[in-house]
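Subject: Structure handover

Hi,

Here is the structure for you to work with. My notes on the side chains follow below it.

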Amino acid sequence: MVAMLFWFLLFPVVAIALAYRRETLKRSTFILGGVLLAYSFWGCASGLWLLALWVLFLGMCLLNLPGVRRNHISRRLLAVYRTMLPPMSKTEREALEAGTVWWEGELFSGSPDWETLHQMPAPRLSREEQAFLDGPTEVLCKMLDDWQITHELADLPPEVWAYIKQEKFFAMIIPKRYGGLEFSALAQSKVLTKLASRSLVAASTVGVPNSLGPGELLLHYGTEAQKDYYLPRLAAGDEIPCFALTSPRVGSDATAITDTGVVCRGEYEGQEVIGIRLNWDKRYITLAPIATVLGLAFKLYDPEHLMGEQDEYGITAALIPTHLPGITIGRRHFPLNIPFQNGPTQGKDVFVPLDAIIGGSEMAGQGWKMLVEQLSVGRGITLPSNAVGTGKAAVYASGAYARIRRQFGLPVGKFHGVGEVLARMAGRTYIMSAAADVTIGAIDAGEKPSVPSAILKYHNTEMARDIANDAMDVQGGKGIMLGPKNYLGRNYQGIPIAITVEGANILTRGLIIFGQGAIRCHPYVLREMEAAGAEGETGLTLFDEALFGHIGYAVSNASRSLIMALTQARYAVAPTRDETRRYYQHISRYSASFALAADVAMLTLGGALKRKELLSARLGDVLSSIYLASMVLKHHTNQGSPEADLPLVEWACRSLLYDAQEQLHGLLRNFPNRWVGALLRLFIFPRGRTYSSPSDELGLQIVELIMKPSDTRDRLCQGIYKTVEPNNPLGLLQEAMELSESVKPLERKVYDARKAGLFESEDAPSQINEAEQKGILNSDEAQQLRRFDEKVMALIAVDDFASDELSASASQVPLATKKAPAKKRVAKKKVTKKKVAKKVVAKKEP
């Protein structure tokens with residue numbers, strides 16, 4: 001009986017072990033053949049059972065013969081596959097092919113190679129970049145008064161605009177040979193992080209010219225003549241760029257834009273040339289109200305075939321000087337009280353020569369490809385970095401505020417409800433910072449990680465929103481009363497802007513992260529699709545290789561998911577042996593489970609998965625969670641693996657892996673085919689859901705680290721503007737928090753005296769006076785406590801106004817109106833500045 005059980009278990013155990021280790025088909029056949037041969041001599045099976053096993057083994061041997069396999073299996077499956085494959089438009093293909101595959105590909109494999117991640121060097125700023133961060137960026141932050149910018153001027157002051165241009169903040173991506181700074185992506189990120197901790201208006205203003213726009217498009221696709229003309233002017237600030245993509249009727253569906261350009265003959269600068277007659281209506285365009293050169297996306301048509309044989313070229317990108325007749329710019333949107341320059345622009349019969357097309361006429365119709373290729377990088381820098389800046393500022397302020405603000409005789413951070421929120425804020429900020437730094441380091445190493453960029457855009461902005469909400473809860477009335485003393489309100493108001501732009505977050509989560517990743521990052525799906533499109537024997541050979549590689553990959557992931565779920569991944573390979581080892585192992589486990597679930601979903605649902613956005617969103621969430629957890633571990637290593645930061649690392653990894661577990665559970669619970677969902681659950685959760693979220697005790701450890709001066713607090717909030725000066729609440733809060741530590745023994749003396757009934761007065765200043773009079777405190781100690789109390793009261797104070805002060809000052813005309821009044825340039829009809837000014841005044845009169 002024991003012998004029968006041994007042989008009965010041996011075959012599946014060996015097969016599962018081979019699949020787990022991802023042995024090749026040939027090697028697996030050889031090993032299983034050896035087991036079967038041993039069974040034939042020493043086993044106790046009946047002749048019929050043994051014959052069946054040898055027949056199965058013979059079939060496995062035949063699979064090792066490419067000719068037999070191709071002709072009898074792959075050829076038939078290829079014919080079926082071609083009927084199932086949904087049609088793919090040119091724009092979809094270009095979006096899928098944009099960028100490169102980096103660490104997300106390892107996670108999609110189900111067996112991530114941790115050495116690949118660990119061998120990547122930690123990102124570092126150059127001396128020049130660090131000097132810019134410590135010098136001009138610090139100076140710019142000092143010049144910013146957010147209340148003046150957002151309430152009084154609805155714009156940056158003239159001296160700030162001048163300084164931004166003078167110090168080339170708009171030219172961080174432009175090479176030095178054109179007069180730019182030629183900074184790394186890391187340097188751009190750090191500059192934006194610091195600015196965002198001070199003013200979202202300044203961060204947005206600086207971020208856009210260094211992100212997707214004329215400068216970046218020129219660098220990658222422009223002709224030499226275009227580069228030589230525009231890049232020095234952009235670097236010097238003589239030209240202000242914007243890029244107009246979004247049309248009112250199509251919103252996020254950028255490929256359906258209704259703006260047009262028709263190739264025709266016309267007059268330009270006194271000469272008749274072949275050019276483009278443009279008509280457009282765009283909105284939400286940052287810097288449009290003051291732009292001097294407008295990057296424009298439109299659909300190009302050539303009905304007279306003046307360029308070539310095509311009637312329609314598709315989406316094209318061109319550079320349009322805004323002084324041309326027919327262009328309307330100058331009016332502004334007002335995005336949630338964050339008045340960075342943003343507005344609509346229209347063009348009516350605007351004529352430009354063909355060389356206005358970025359890259360020249362040969363790049364006609366390549367606009368969408370250009371945009372998605374650059375978004376694969378840009379999405380990972382500007383908005384995620386701004387989110388990091390606002391998150392760090394909120395944690396830095398809230399930790400200090402929770403220490404100096406007292407309720408019921410205790411710092412408010414000592415209450416566990418507040419502590420839970422503070423720990424959550426700190427943990428999410430650690431995740432955001434880690435994801436941004438490590439991913440941007442990959443960009444500087446030459447990667448164009450389109451899927452990670454989408455992950456960062458979505459999750460960093462969503463976590464920033466959660467942090468902003470939590471900061472408001474911690475600081476209560478201090479946070480909701482707007483005024484010069486409020487350091488939370490504008491960031492809280494501005495969060496939905498980041499959620500909305502560069503692909504709305506709902507769209508990014510539901511369609512982009514998994515929708516693009518499933519094909520782009522999967523080791524076999526794109527190869528199968530390309531093989532299906534190839535003709536003849538070449539296509540069959542490619543399909544056969546991809547198909548059987550895919551089958552082996554799926555079987556391996558099923559084995560890996562089951563074994564690691566049963567063993568809690570205790571035997572999975574990890575690159576470390578310290579406290580972080582278990583998180584590496586759990587990421588590997590969920591990587592295999594995710595890869596298995598993704599394969600089964602694509603196989604059983606096919607093209608319908610694209611329409612079932614909630615399922616694809618959950619798969620995207622699992623991929624995002626294990627990606628972000630990987631970034632946390634790499635970031636901790638990059639910082640030298642400080643032991644003091646382990647509570648943050650544990651909180652971040654536990655939160656992310658718990659979310660991965662719950663999203664997988666949600667996927668299986670809602671899987672359309674319940675039988676398939678139940679079978680998948682056996683491989684993913686054979687022991688049920690066993691992973692837990694962070695403990696309360698862990699959260700309290702984090703609170704202690706951020707409510708007092710510590711190296712962990714400094715590392716977590718590194719890179720924000722925290723100079724101690726009268727106009728910087730972050731610096732003043734830190735100063736008060738540090739002072740609170742030194743006066744703690746003095747406060748204890750007063751507290752003990754009050755508890756003993758030695759004071760007649762109730763308020764703190766009077767009790768300090770009584771303590772001095774009764775010798776409980778000496779004069780120096782009393783003065784020290786008074787100074788501390790004054791600082792605290794100044795910091796927790798809120799603004800109040802006379803009724804007529806609540807609107808922006810009537811004497812302050814928005815600077816955008818002074819510099820660039822709403823101007824409509826129509827051919828053969830000159831409108832002077834004086835006439836425009838009269839119209840503006842007339843509109844203000846009742």
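A search of the whole structure finds zero disulfides, a disulfide being a pair of cysteine sulfur atoms within 2.5 Å. Take Cys653: its sulfur is 19 Å from the closest cysteine sulfur, in Cys717, which is too far for a bond. Cys717 has its own closest cysteine sulfur in Cys141, at 15 Å, again too far for a bond. Cys653 is buried at 0% relative accessibility, and Cys717 is buried at 1%. Buried means under 20% relative accessible area, exposed means over 50%, and partly exposed is in between (1.4 Å probe, protein chains only).

Two notes on provenance. This is a predicted model, where local features need pLDDT of at least 70, side-chain atom pairs count only at pLDDT 80 or more, and totals for chains, interfaces and linings use all residues. Residues are numbered from 1 along each chain as its sequence is written, and side-chain values use heavy atoms, with hydrogens and water left out.

Nonpolar cores

The largest nonpolar core has 143 residues. A core here is a set of buried Ala, Val, Leu, Ile, Met, Phe, Trp, Tyr and Cys residues joined through side-chain atoms within 4.5 Å. Helix α18 (residues 416-444) gives the largest share of this core, 15 residues. Helices (H or I, at least four residues) are DSSP runs, numbered from the N terminus. Which residues have the most contacts inside the core? They are Trp102, Phe108, Met425, Tyr627 and Val632. Leaving aside residues up to four places away in sequence, Trp102 touches Leu117, Met120, Val438, Thr439, Ala442, Glu447, Pro449, Tyr627 and Met631. Contact means heavy atoms within 4.5 Å.

A second, separate core has 90 residues, including Tyr178, Ala187, Cys264 and Leu287.

Gln188 sits in helix α12 (residues 185-196) and has a relative accessible area of 7%, so it is buried. Beyond four places in sequence, Gln188 touches Met172, Ile173, Phe183, Asn210 and Ile381.

Aromatic rings

The whole structure holds 16 aromatic pairs. Rings of Phe, Tyr and Trp (its six-membered ring) pair if their centres lie within 6.5 Å; planes under 30 degrees apart count as stacked, over 60 as edge-to-face and the rest as tilted.

Trp103 and Trp114 form a tilted pair, with ring centres 5.1 Å apart and planes at 45 degrees. Trp103 is in helix α6 (residues 103-109) and Trp114 in helix α7 (residues 114-118), so the pair ties together parts that are eleven residues apart in sequence. Both Trp103 and Trp114 are buried.

Phe108 and Phe514 are stacked: their centres are 6.3 Å apart and their planes at 20 degrees. Phe108 belongs to helix α6 and Phe514 to helix α22 (residues 505-520), so this pair ties together parts that are 406 residues apart in sequence. Phe108 is buried at 0% relative accessible area, and Phe514 is buried at 2%.

Ring pairs also link Phe132, Tyr163, Phe169 and Phe183 into a cluster.

Two arginines lie over ring faces. Arg233 is over Tyr229, at 3.8 Å from the ring centre. Arg713 is over Tyr396, at 4.2 Å from the ring centre. The criterion is NZ of Lys or CZ of Arg within 6 Å of the ring centre and within 35 degrees of the ring normal.

Salt bridges

The search finds 29 salt bridges, each a side-chain nitrogen of Lys or Arg within 4 Å of a carboxyl oxygen of Asp or Glu.

Asp621 and Arg509 meet at 2.6 Å, N to O. Asp621 is buried at 4% relative accessibility, whereas Arg509 is partly exposed at 23%.

Arg465 pairs with Glu462, the closest N and O atoms being 3.0 Å apart. The two are three residues apart in helix α19 (residues 450-475), so about one helical turn separates them. Arg465 is partly exposed at 29%, and Glu462 is buried at 16%.

Lys774 and Glu770 meet at 3.5 Å, N to O. Lys774 is partly exposed at 48%, while Glu770 is buried at 12%.

Finally, salt bridges that share partners join Arg424, Arg428, Asp466 and Asp470 into one network.

Best wishes
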